[in-house]
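I opened this notebook to record what I looked up in the structure. The entries follow in the order in which I made them.

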Amino acid sequence: MNIIHVKNYEEMSQKAAALLFERIQQSPKITLGLATGGTPENTYTALIAKAKENGQSFSHVQTFNLDEYVGLPAEDKNSYRHYMEQRLFDHIDIPKEKTHLPNGMAPSLEEECRAYENMIADAGGIDIQLLGIGSNGHIGFNEPGTPFSSKTHVVELAEETRKANARYFPTLEDVPKQAITMGIQTIMEAKEILLLISGKAKAEAFAKLCSDEVTEAFPASILNKHPNVTVIADEEAASVY
Ligand code: GLP
């Protein structure tokens, strides 16, 4: 893993946006894997600013998000589809049909998982996958104990994860109990991975990630086995490392 240490959240976001922007500029066609949550928010803002400054089109880009809640329609303001539209897609010229998230309202969730996995494969795989990390080491919604061999699947969300995400919902009860997520193997098949870690709440997770122990009890630890991972960590995240 190539670890880049930065001062704070803002510097992390600027560096991440610069790296993504470079890949987008240099590739005639590119497939991005995208993430939600608080961590990548300003990365998207910075990416939009760079696109505007440079007159950079996103018409050659397609995207696949890591995950989506089960039971929230696209228009729900807490759906990840809505998050992505608000924070990125509505501000760049990417054709909507080239932006993909799992459909958490699909009549057959199992079928949706298979179809999503096939769509990624048909696209030729993900060129660069943006990732955040949960304090328990989850990536996407792959909670501790998820097999490293997992593909896109339905998950029961850990109580810890629901609590962490409750800040976006009126009450904890409103946080969905299930989600569809790319599997760990799906993530590992990306040609390049960019992991962002910011804040004190992630310090233990960062230290574990750097400990080199690869275990399904800490999903992000598998990233140690990927040949092309860049981690951008701020001072607070690196404070117990
Ligand atoms: C969420 C998302 C993950 C995200 C993680 C951390 O549950 N499914 O993709 O990386 O938890 O979120 P945050 O960046 O808000 O700390």
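Entry one. The model I am reading is a predicted one.

Entry two. I then looked up the two strands concerned. Strand β2 covers residues 30–34 and strand β3 covers residues 61–65. The two pair in the parallel sense, over five bridges.

I next asked in which order the strands of the open sheet lie. I read the order as β1-β10-β9-β6-β2-β3-β5, seven strands with parallel pairing. At the edges I noted β1 (2–6) and β5 (99–100), each of which pairs on one side only.

I turned to the whole protein and recorded seven helices and ten strands. Its radius of gyration is 17 Å, close to the 18 Å given by the globule rule for 241 residues, so the protein is as compact as a globular protein of that length. Along the principal axes, the C-alpha atoms fill a box of roughly 45 × 40 × 35 Å.

I looked up burial and contacts. Of the 241 residues, 42% count as buried. Among contacts between residues at least 6 apart in sequence, 79% join residues at least 24 apart.

Key:
Residues numbered from 1 in each chain as written. Predicted model: local features only at pLDDT ≥ 70, side-chain atom pairs only at ≥ 80, totals over all residues. Helix = DSSP H or I, 4+ residues; strand = E, 2+ residues; numbered from the N terminus. Rg over C-alpha atoms; globule rule 2.2 N^0.38 Å. Buried ≥ 20, exposed ≤ 12 C-beta atoms within 10 Å, placed from the backbone. Contact = placed C-beta atoms within 7 Å. Pairing = 2+ DSSP bridges.
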